[in-house]
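This briefing walks through a few local features of one protein model, grouped by topic. Please keep the sequence and the 3D view open while you read.

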There are 2 protein chains.
Amino acid sequence: MRAPAIILVNPQMGENIGAAARVMGNFGLADLRLVAPRDGWPNPQAEAMAVGSPVLESARVFETVAEATADLSRVYATTARPRGMEKRVLTGRAAIAEARGALAAGEGTGILFGAERQGLENDAVAGADAILTLPVDPAFKSLNLAQAVAVVAYEWASGDPVPDAFTEMAPPAPRIEIDRLFEHFESELDRAGFFHPPDKTPLMINNLRSALIRARFTEQEARTFRGAIKALAIGRGKARIVRED
Amino acid sequence: MRAPAIILVNPQMGENIGAAARVMGNFGLADLRLVAPRDGWPNPQAEAMAVGSPVLESARVFETVAEATADLSRVYATTARPRGMEKRVLTGRAAIAEARGALAAGEGTGILFGAERQGLENDAVAGADAILTLPVDPAFKSLNLAQAVAVVAYEWASGDPVPDAFTEMAPPAPRIEIDRLFEHFESELDRAGFFHPPDKTPLMINNLRSALIRARFTEQEARTFRGAIKALAIGRGKARIVRED
């Protein structure tokens, strides 16, 4: 992979998808991914606005953010709203500089953009490695979706690489391995009665994921932690067997 | 004057004028000037796309580029096409950096954008102090007018720090809390028979610690993970009650 994937989560207007594909083509980005676009796919409005951008033709559609990011090992969540999460917050410039280094080291990298108006759901932000935020005026911060893609794509085409520092460690695992680790951890915690009261479960899961994602586990580490979770859960063994009877 | 004027020369589509006004508002630019917009002024399509941007209301209309730039002392002409002129050519980033200095020194500064498709006439470029060009892919360089304004406006707003609303993350826990978490985790793993063969135990512990330390847990997070380990190891709520039966 040579450049970051642009991932539009639940985009509503085909016009914005098309305009995003156009500006991606202008600035050398090729990998457009759509998560459950509201009006289905393909979309005639998107085609009209893309004015022949090759990016639109090769766009891929996914059902969930997890599927759209499964092959990536570094994900940024674009948001203008603070989420109260323990997560790094980068300017567009800093995020793209970092992504450039990561890509050079072979890490698949993607940038999430939420739906018009609503933006990204908290769980999508929680699962990201860092927040990318643009320097919008707080008094008028409603940035059009395709404009947000434009400035990120422009950043990609501008500026200089930030070298090294990424090449020393083994690369982080693809996101699908991390998601499997999370799901394994959470299902064992659930079985052990960790999540209570039930209405707090989503928040507890987001907090766990936000904390763990920062470790950027390699594939080997993800396997090791799954082994550790399994050992602890099976060590509890009898309890589970009795419960399953 | 605190920020550059954005001057749209013969803009054709009200939608692009409105989108430009919107993104100018997003990124802190206020001075929009229109030279002979094709469909007259005001323009309902522009209003629809501006979604209430205060920039649109204060936009001014001029007959000619000369009139629109009369009060300025530094003008950049945005173009993707070389014009064979003996004129400085700057990236968006360099032009905005230079403009920032000029504005700080009290020079009125403006940036010209040509019409959709045609771009700027040669005489408008010739009359400018320098060319501003964006790093578009030569194979797909048709950049939407409002997108071009977006990236220039974004350049203007960049260099500012991450907005304050994104509060700093809580600091990492003191190392003693992390060490307690590690010891707790490792003693439960040991009890569950995770560490084998025994001579590999120190290496396995080091690998676990190396991975987890990168997450830089806060105190709250360290407590949460200790709770999770405890839950996995001994169960909680129903699981434990069943086990005690």
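Predicted model: local features only at pLDDT ≥ 70, side-chain atom pairs only at ≥ 80, totals over all residues.

**Helix H7 of chain A**

- Twelve of the 13 residues of H7(A) are buried, so the helix is largely enclosed by the rest of the structure.
- At the start of H7(A), the backbone nitrogen of A:Ala146 has a side-chain oxygen of A:Asn144 within 2.8 Å.

**The largest cavity**

- When the whole structure is searched, two cavities of 30 Å³ or more are found, and the largest cavity holds about 160 Å³ of space.
- The lining of the largest cavity is made by 13 residues, and those that lie nearest its centre are A:Phe185, A:Leu212, A:Phe225, B:Phe185 and B:Phe225.
- Two or more lining residues come from each of helix H8 (175-191) and helix H10 (219-235) in chain A, and from each of helix H8 (175-191) and helix H10 (219-234) in chain B.
- What classes of residue make up the lining of the largest cavity? There are 13 nonpolar residues, with no polar and no charged residues.

**The second largest cavity**

- The second largest cavity has a volume of about 80 Å³, and the residues that line it include A:Ser73, A:Asp129, A:Arg175, A:Leu212 and A:Arg216.
- In chain A, H8 and helix H9 (201-213) are the elements that give two or more residues to the lining of the second largest cavity, and H8(A) gives the most, with three residues.
- By class, the lining of the second largest cavity has seven nonpolar residues, one polar residue and three charged residues.
- A:Leu212 can be found in the lining of the second largest cavity, and A:Leu212 is also among the residues that lie nearest the centre of the largest cavity.

**A:Arg175, a residue of the second cavity lining**

- A:Arg175 belongs to helix H8 of chain A and is one of the residues that line the second largest cavity.
- Is A:Arg175 buried or exposed? Its relative accessible area is 4%, and buried means under 20%, so A:Arg175 is buried.
- The side chain of A:Arg175 comes to 2.5 Å from the backbone oxygen of A:Gly127.
- Leaving aside residues up to four places away in sequence, A:Arg175 touches several others, among them A:Thr69, A:Ser73, A:Ala128, A:Asp129 and A:Ile213.

**A:Thr109 in strand S6**

- A:Thr109 sits in strand S6 of chain A, which covers residues 109-113, and with a relative accessibility of 0% A:Thr109 counts as buried.
- A polar atom in the side chain of A:Thr109 lies 3.1 Å from the backbone oxygen of A:Glu107.
- A:Thr109 and A:Pro4 are 105 residues apart along the chain, yet their C-alpha atoms are separated by 5.0 Å.

**Backbone details in the loops**

- In chain A, a cis peptide bond joins A:Trp41 and A:Pro42, with omega about 0°, and A:Pro42 is in the loop between strand S2 (32-35) and helix H2 (44-50).
- In chain B, the peptide bond from B:Trp41 to B:Pro42 is cis, with omega near 0°, and B:Pro42 is placed in the loop between strand S2 (32-35) and helix H2 (44-50) of chain B.
- A:Asn10, which is not a glycine, has a positive phi near 50°; the residue is in the loop between strand S1 (5-9) and helix H1 (14-26) of chain A, and A:Asn10 is partly exposed, with a relative accessible area of 33%.
- A:Val51 is not a glycine either, and its phi is positive at about 35°; the residue is in the loop between H2 and helix H3 (54-57) of chain A, and at 42% relative accessibility A:Val51 counts as partly exposed.

Notes: Residues numbered from 1 in each chain as written. Chains lettered and ligands numbered in written order. Heavy atoms only, no water. 1 Å grid on protein atoms, 1.4 Å probe; cavity = no way out; pocket = protein on both sides within 12 Å on 5 of 7 lines; lining within 4 Å. Points joined across faces, edges and corners; volume = space filled by probe spheres on them. Helix = DSSP H or I, 4+ residues; strand = E, 2+ residues; numbered from the N terminus. Nonpolar A, V, L, I, M, F, W, Y, C, P; charged D, E, K, R; others polar. Buried < 20%, exposed > 50% of the residue type's maximum accessible area, 1.4 Å probe, protein only. Polar contact = N/O pair within 3.5 Å; in protein donor to acceptor, adjacent residues only side chain to side chain. Contact = heavy atoms within 4.5 Å.
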